[in-house]
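I opened this entry to get my bearings in a structure I had not seen before. My notes follow in the order I looked things up.

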Amino acid sequence: MRENDRVTSATRQPGTPSAAVRPRLIATDLDGTLLRDDKSVSPRTVAALAAAEEAGIEVFFVTGRPARWMDVVSDHVHGHGLAICGNGAAVVDLHGGPGAHRFVKVRELARENALDSVRLLRAAAPGTVFAVEQTYGFHQEPAYPKLHMEIPDNLLPAERLLAPDGPDADQPVLKILAYHPDLDPDAFLTLARLAIGGRANVTRSSPSALLEVSGPDVSKASTLALCCAERGISHEEVVAFGDMPNDVEMLTWAGQSYAMGNAHPDVIAAASGRTVANNEDGVAVVIEQLLDESI
């Protein structure tokens, strides 16, 4: 692994497939990974992504972001133009640009499961407040804080938002967001997973106590696996990058995986290697090395 033109070693876990397998797909998280802290894509990273695509390696953005927040990378989608959004809840064609994206695949959270999750979390962690993310809508409870720099479509209790006759009832629910003002983020994640059990998949990508609740089998890893299967790409041929707990399954699944220098401890434990931090272009550092090795 190259760090500003100096060669460093990447620690690999036992059983990790050899890097000799030529990668066919790069899967990268966005916030805290590909994007710098100011939400920009550096010129070095832009060049590395373009070079990977030119070398015949597909690049997939795999993020917890909703499709409407993908304008930060819409200029860098190259060939296929697809991104995995909402922690695997949707595969989106970004070719149309901001506001004109097309949902290629939707893996929704059943409203019954969502309502069960709300009920169980209210009991397990009093004070939890909720928001609901749908394909084209965003709704929240009145007490939910202004975390997302956007105006919600509706302000109602979660039970009403998720009712069969609730707002935008014809749209799939991609995930619900659960926020607690006082709990430690990791403690809240552990508590929620125990409370909800198999009714939904619970993860987090925020530094605050904000959880993301998706369908029971929905994750970045499971949706990426579906996309790779459609392309005849095995997990050994995938290189993945991430920094937060919502990346753990993807990093464990991929043949090669890299935790960012700024990554959560669980991500470092899951990845087969490490790179430098997002503000130091850690994804580009590895892509450059991979392309050098393939020459």
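I began with contacts, meaning heavy atoms within 4.5 Å. Among contacts between residues at least 6 apart in sequence, 59% join residues at least 24 apart.

I noted the ground rules next. This is a predicted model, in which local features need pLDDT of at least 70, side-chain atom pairs count only at pLDDT 80 or more, and totals for chains, interfaces and linings use all residues. Residues are numbered from 1 along each chain as its sequence is written, and side-chain values use heavy atoms, with hydrogens and water left out.

**Overall counts**

I found 9 helices and 16 strands in the protein. Helices (H or I, at least four residues) and strands (E, at least two) are DSSP runs, numbered from the N terminus. I then checked burial: buried means under 20% relative accessible area, exposed over 50%, and partly exposed in between, with a 1.4 Å probe and protein chains only. Of the 295 residues, 56% count as buried. The accessible surface comes to about 12,100 Å². Carbon and sulfur atoms hold 54% of that surface. These areas come from the Shrake-Rupley method with a 1.4 Å probe, and for residues only the protein chains shown count as cover.

In what order do the strands of the open sheet run? I read 7-6-5-4-3-14-15-16, which is 8 strands with mixed pairing. Strand 7 (102–106) and strand 16 (273–274) are the edge strands, each pairing on one side only. Two strands pair if DSSP finds at least two bridges between them. Strands of a sheet pair through backbone hydrogen bonds, either parallel or antiparallel.

I looked up one antiparallel case. Strand 5 (residues 82–85) pairs with strand 6 (residues 90–93) in that sense over 4 bridges. Ile84 stands opposite Val91 in strand 6. Helix 2 (residues 43–54) packs on the sheet and touches strand 3 and strand 4 (58–62). Its direction makes about 130° with that of strand 4. The axes are lines fitted to C-alpha atoms, for helices over the stretch in contact, and angles run from 0 to 180 degrees between N-to-C directions.

**Strand 14**

I moved on to strand 14 (residues 238–242), where 5 of its 5 residues are buried. Val238, Ala240 and Gly242 point one way, while Val239 and Phe241 point the other. In a regular strand the side chains alternate between the two faces of the sheet.

Which strands did I find paired with strand 14? Strand 3 (residues 25–28) pairs with it in the parallel sense over 4 bridges, and Thr28 stands opposite Phe241. Strand 15 (residues 256–259) also pairs with strand 14 in the parallel sense over 4 bridges. There, Ser257 is the bridge partner of Ala240. The chain crosses from strand 14 through helix 7 (residues 248–253) to strand 15, a right-handed β-α-β crossover. Right-handed means that, with the strands pointing away from the viewer, the path from the first strand over the helix to the second runs clockwise.

**Cysteines**

I counted 0 disulfides, a disulfide being a pair of cysteine sulfur atoms within 2.5 Å. For Cys228, the nearest cysteine sulfur is that of Cys227, 7.0 Å away. Cys228 is buried at 1% relative accessibility. Cys85 is buried too, at 2%.

**Leu189**

Last, I checked Leu189, which sits in helix 5 (residues 185–196). Leu189 is buried, with a relative accessible area of 5%. Not counting residues up to four places away in sequence, Leu189 touches Val202, Thr203, Arg204, Leu211 and Pro245. The C-alpha atoms of Leu189 and Thr203 are 6.6 Å apart, though 14 residues separate them along the chain.
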